[in-house]
Amino acid sequence: MKNKSIAARTTFVLTCLVSLAVCLSALLAYLAYVRIQENMIDKLMETESGRLVARVTRFGGDWTKPFERDMGPSMYAWGESDRHPADSMPAELRSLPLGLHHLDQGESTWHVAVADALDGRLYVLYDSIVIRHQLRDFALALVAIVLGCSLLALLVSRSVARWLVTPLNQLTERLTRWVPSSASAVARQGNEADRLVEVFNRVQDQVDAAIADQREFSANLHHEIRTPLTVIRSDTELMLKGSVKDPEGVRLRLERIAGLVQEISQSLESTYNLAHARFEDEARVHLRSCVDDVFENLRLEAGKAGLAFVNAVQAGHEATLSRHALMTVMRNIMRNAILHAAPATLVVESTAEGLRFTDTGPGIEPSELGSVFERYFSNRRADQRGGEAAASVDQTGLGLAIAQRVCVMQSWRLEVLSPVAEGHGTCFTLAFA
């Protein structure tokens, strides 16, 4: 019963209550009918006994012969004295005292009235076998009524139960359309409450996922534009303070600011596309020039960390893909090298399927390889270093997670291998097919 639907349980309870009420009514009706029948027979016996006594006393004061009379269906009368006994009267009646008596005869009951008459007694007997048959028929009729009422109660209760749970089902269906799931077919097999709880759980999961996506979007946006904004601020402050005096230096810094503004614009577009799971700018892309653009944007940050860039991509290497998606992946791979491999050298070269990024840094522990694409894993690695090393690392731990997510969205493949040679170095392989 626990796993039954609310409608089924409501139907069961209502049917049981109605059936119980009908059964009690039928039982009370039967008992009342029996009581009325007995009272009616007793009253009849008293009336007939009195009528017969008054009748026989009109003809004298003594019995001159026994009185034996069949008075109708199931009713008999006898009158006798010691000198004139009634031979047809059952012998057990003679031992009865004056008054009304009920004698059980198995299938029937004798209702007997004993009264003084003349110099003897008058006996009036009513055999209730006919009444018993009527009671049996009445009981069968009551049983049929109970069964009929129970069946009607079942039909009505089902309609009432469906009506009662309709708002619950409508709410469940509305929420199901809002948060469709392949588990909905399984949920329909449970009761209405379980279905509603399951759908509410899916709604809560969707809300939690939306909140998580919003937080991830904010973190991704911060991650993507933090470095360009830092460089723009640094160059702008230098020029405002007059530290850069030669026109060529000013021009170079303004060009870099313009390039970084363009990178921020691309980062915003990439982050927006990442949040909405789409990159729609597929075109024929020169991979070597893309790598140069990323090198140029990260050159200041790489120089401070001691990471040297080497662009070994073939000059004629092209691919049809989203440039924004590619730039997002490469920026994050190179930033990861700046944060964790420097001082070292990062070489980007062509492969048959895409690009390979190989650095000469300390490498990644084999136990950590399976977790490098997890969100905030680089923060945990920094925490494990402790001391100044941990304090000097200013990053959110999202770079490789963003890169991996973009690759999944683009059906690309990003793999990592470490160490590369002699216990050092890390190699990221990006395959476009």
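Helices (H or I, at least four residues) and strands (E, at least two) are taken here as DSSP runs, numbered from the N terminus. The structure is a predicted model, in which local features need pLDDT of at least 70 and side-chain atom pairs count only at pLDDT 80 or more, while totals for chains, interfaces and linings use all residues. Residues are numbered from 1 along each chain as its sequence is written, and side-chain values use heavy atoms, with hydrogens and water left out.

The secondary structure of the protein amounts to 10 helices and 12 strands. Of its 433 residues, 40% count as buried; buried means under 20% relative accessible area, exposed over 50%, and partly exposed in between, with a 1.4 Å probe and protein chains only. A contact is defined by heavy atoms within 4.5 Å. Among contacts between residues at least 6 apart in sequence, 64% join residues at least 24 apart.

Helix H1 spans residues 6–56, and helix H2 spans residues 129–178. The two helices pack at an angle of about 160 degrees, and their axes are 7 Å apart. Axes are lines fitted to C-alpha atoms, for helices over the stretch in contact, and angles run from 0 to 180 degrees between N-to-C directions. H1 and H2 are therefore roughly antiparallel to each other, given that angles under 35 degrees count as roughly parallel, over 145 as roughly antiparallel, 65 to 115 as roughly perpendicular and the rest as oblique. The crossing of H1 and H2 is right-handed; a crossing is left-handed if the near helix is turned anticlockwise from the far one by less than a right angle, and right-handed if clockwise. The residues of this contact comprise 26 nonpolar, eight polar and one charged. In this division Ala, Val, Leu, Ile, Met, Phe, Trp, Tyr, Cys and Pro count as nonpolar, Asp, Glu, Lys and Arg as charged, and the others, Gly among them, as polar. Threonine 11 lies in H1 and is buried, with a relative accessible area of 8%. Neighbours within four places in sequence aside, threonine 11 is in contact with Leu154, Ser157, Arg158 and Ala161.

A nonpolar core is a set of buried Ala, Val, Leu, Ile, Met, Phe, Trp, Tyr and Cys residues joined through side-chain atoms within 4.5 Å. The largest such core has 42 residues, and those with the most contacts inside it are Leu326, Met330, Met334 and Phe357. Helix H7 (residues 323–340) supplies the largest share of this core, nine residues. Another core lies apart from it and has 18 residues, including Ile41, Leu52, Ala113 and Leu122. Methionine 330 touches Cys290, Val291, Val294, Leu355 and Phe357, when residues up to four places away in sequence are not counted.

Helix H6 (residues 287–305) packs against H7 at an angle of about 30 degrees, with the axes 10 Å apart. That makes H6 roughly parallel to H7. The crossing of H6 and H7 is right-handed. Among the residues making the contact are Leu287, Cys290 and Val291 of H6 and Arg323, Leu326 and Met330 of H7. The contact of H6 with H7 divides into 13 nonpolar residues, no polar and five charged.

Two cis peptide bonds are described here. One joins alanine 342 and proline 343, with omega about -5 degrees; proline 343 is placed in the loop between H7 and strand E9 (344–350). Another runs from serine 418 to proline 419, with omega near -5 degrees. Proline 419 is found in the loop between strand E11 (413–417) and strand E12 (426–431).

Positive phi values in residues other than glycine are considered next. Serine 74 has a positive phi of about 70 degrees and sits in the loop between strand E1 (67–72) and strand E2 (75–80). At 12% relative accessibility, serine 74 counts as buried. Serine 411 has a phi near 65 degrees and is placed in the loop between helix H10 (399–409) and E11. Serine 411 is exposed, with a relative accessible area of 60%. The buried residues of H10 include Leu400, Ile402 and Val406.

Glycine 316 occupies the loop between strand E7 (307–312) and strand E8 (318–322) and is exposed, at 66% relative accessible area. Glycine 316 and arginine 288 are 28 residues apart in sequence and 8.0 Å apart in space, C-alpha to C-alpha.
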